[in-house]
Amino acid sequence: MTRGLAPSVGIVGGGILGLTAAYRLARAGVAVSLFERAPDLGGLVGSFDFDGTPADRFYHVVLPTDDRIRGLADELGLGDRWRFRPTKVGFYDDGRLFSMTSPREFLTFPLLRPHERIRLAAFVARCQLTKEHDALDDVPLDAWLRRLCGRRVVEKMWRPLLDSKFDGRYEDLPATYIWARTRRMGATRDRGGREVMGWLEGGYQTLIDALERRIRALGGEVRAAATVEQIAAEGGRAAGVVVDGRLHRFDHVLCTLAPPVARRLLAPELAALAPADHCRYLGVVCLLLRTRRSVSPYYHLNITDRRVPLTTIVETTHVVDPERVGGHLLYVSKYVDPGHPDHDADPADVERRYLAHARTIFPDLRQDDVLAATVQRARVTEPVHLVGGAKRLPDPFAVPGLSLASTAHVYPEIVSGQAVTGVAERVVPGILERLPAAERAAA
């Protein structure tokens, strides 16, 4: 599929990573062809038709400090479509709701004793001041939190949060997880100490659609509903991709799928060369409700009462304009292992159980408040890097003619649009270096 003298790159995956890479490569004069199995683009950050009105498939947030994603939107002419608002953060524990939004609420937080709040504040400040993560990569998270925050703070706050986020498995996580999250969220507070979060009008789908248009305008090819059956090999290197039984040849292939999924597509001789995958992965099960009124006073609710087996409840319409999405959107979510039975459970059963959990927290949520409901699930959404993970990040260029770049390369950052865009920005120069020199020069 080489077009003239321009080098060609085939891209597997139409999420934000694949589309950003395709856009950058097309701008560099590369003939790009992108293949996405789903009928629409965007992957986990995309929108879907939710009872007649588009809505984000899963909840996402953009922070004022997300310079990569905001810069990309500016390039695409979307810079005037950001909307940033201060939000509230809550905790649910022992059957009660608590706000933890302002510095004053932090210092009077009833779940912790006064000296424990001071110790936690010192811990947060330490994370903000620690700019390098190398020394934390080999430090087990639980022991680090115990040493810096104290046993009771860990038992009362950190352990329930980690249990809900990692489906009960967090004993082998590095200290970088909380360090990175604390630094990311701490940089978003306004002068009043409130977290400020943002939304691109229309959601990430607005950015996805703009990337598709720009890629096509640059001569690139974007194909949805095109299932890549194999990344083919020839002479010990990737030769192209097989779609509908036909081999499409490229000078280079970029696969943006998570390693467990990508490996299933590799021809045997390529799979033998692919780097080992040292991550675990999390999936997500989410009941999305459209309601006629606001249900939660918080954008994001931390659930430390483990009698409620959820990870979080997020009401995105504290940032998103409700009139743009047909009401108020409530994401009742649980992060789970890819093998968790809720991935295969009847959607009606998931809806019943998750709605009951939401009503435990918000008893005023009535059936007539719910305008629409749907269950969204994804088995592989986020990599879990283990202690020493920085030393085991996979080489994206280990296989000749092929780049394997995915969320598995997000570390020590937390997976977000900002971080995933960063993976694309890092892999593109390496691809350009590996394209045929003569053709690249001619292009």
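Mentor: Let us start with the overall fold: the chain has 13 helices and 19 strands, where helices (H or I, at least four residues) and strands (E, at least two) are DSSP runs numbered from the N terminus. This is a predicted model, in which local features need pLDDT of at least 70 and side-chain atom pairs count only at pLDDT 80 or more, while totals for chains, interfaces and linings use all residues. Residues are numbered from 1 along each chain as its sequence is written, and side-chain values use heavy atoms, with hydrogens and water left out.

Trainee: Why is cysteine 127 called buried?

Mentor: Buried means under 20% relative accessible area, exposed over 50%, and partly exposed in between (1.4 Å probe, protein chains only). Cysteine 127 has a relative accessible area of 2%, and therefore counts as buried; cysteine 286, at 1%, is buried as well. Of the 443 residues of the chain, 56% count as buried.

Trainee: How do you know that cysteine 127 is in no disulfide?

Mentor: A disulfide is a pair of cysteine sulfur atoms within 2.5 Å. The structure holds zero disulfides, and for cysteine 127 the nearest cysteine sulfur, which belongs to cysteine 149, is 7.7 Å away.

Trainee: Which residues does threonine 407 touch, and where in the chain is threonine 407 found?

Mentor: Threonine 407 is found in the loop between strand E19 (402–404) and helix H12. Contact means heavy atoms within 4.5 Å, and, not counting residues up to four places away in sequence, threonine 407 touches Pro383, His385, Val415 and Val420. Threonine 256 is 151 residues away from threonine 407 in sequence, yet their C-alpha atoms are 8.1 Å apart.

Trainee: What share of the contacts in the chain with a separation of 6 or more comes from residues 24 or more positions apart?

Mentor: Residues 24 or more positions apart account for 71% of those contacts.
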